[in-house]
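Reader: I would like a close look at one part of this model. Please keep the answer plain.

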Amino acid sequence: MLRPPIGVALLGFVVLMAGFAFSVMGLRYSGFVVFGRGDIGDGLLLWGLLTLLAGIMFIVAAFALWATQPWGWLFTHFLAILGLIDAFFVWISNNSFTDGLAVAIFPLVVIWYLNQADIKAAFGIDSAA
């Protein structure tokens, strides 16, 4: 297995930290007291389990990025697109274009970076397509 490019390794670290954060939030919403008082009731168990599942998916995706698996590249694109959709909702809800633009910068940089020819080649993605 080849070492991933430094930017991919950093993205993997960010995704891993998000996975840990989502896992802690999922456990907390599920009623497990991880840090501080637990939030229980009002249907939080379902959302807690879904958040915990998302955290586990993030952690697995981080290892896929470090192993330069093609589905890790695709999953990161999917997350960046969700980030752009979130930026649109921030723009609408705050009625501030600058807030939406600030939220959109990181997903745009991630999409730009992952579509570089050498990064696509590291993941085994055909850059001619």
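Which residues does leucine 114 touch, not counting residues up to four places away in sequence?

Author: This is a predicted model, in which local features need pLDDT of at least 70 and side-chain atom pairs count only at pLDDT 80 or more, while totals for chains, interfaces and linings use all residues. Residues are numbered from 1 along each chain as its sequence is written, and side-chain values use heavy atoms, with hydrogens and water left out.

Leucine 114 touches Leu11, Trp73, Thr76, His77, Ile119, Lys120 and Phe123, once residues up to four places away in sequence are set aside. Contact here means heavy atoms within 4.5 Å.

Leu114 is also one of the residues with the most contacts inside the largest nonpolar core, along with Val15, Leu65 and Phe123; this core has 17 residues. Helix 1, helix 2, helix 3, helix 4 and helix 5 each supply at least two residues of it, and helix 2 gives the most, with 5 residues. A nonpolar core is a set of buried Ala, Val, Leu, Ile, Met, Phe, Trp, Tyr and Cys residues joined through side-chain atoms within 4.5 Å. Buried means under 20% relative accessible area, exposed over 50%, and partly exposed in between, with a 1.4 Å probe and protein chains only. Helices are DSSP runs (H or I, at least four residues), numbered from the N terminus.

Helix 2 covers residues 44-66. Its buried residues are Gly48, Thr51, Ala54, Gly55, Phe58, Ile59, Ala61, Ala62, Ala64 and Leu65. What covers them includes helix 1 (6-29), helix 3 (70-94) and helix 5 (117-123). The 23 residues of helix 2 should span 33 Å at 1.5 Å a residue, and its end C-alpha atoms are 33 Å apart, which agrees; the expected span is 1.5 Å times one less than the number of residues. Just after helix 2, threonine 68 takes a positive phi of about 50°.

Helix 4 (residues 97-114) also holds aspartate 99. At 33% relative accessibility, aspartate 99 counts as partly exposed. Leaving aside neighbours within four places in sequence, aspartate 99 is in contact with Val90 and Asn94. Aspartate 99 and alanine 87 are 12 residues apart in sequence and 8.0 Å apart in space, C-alpha to C-alpha.
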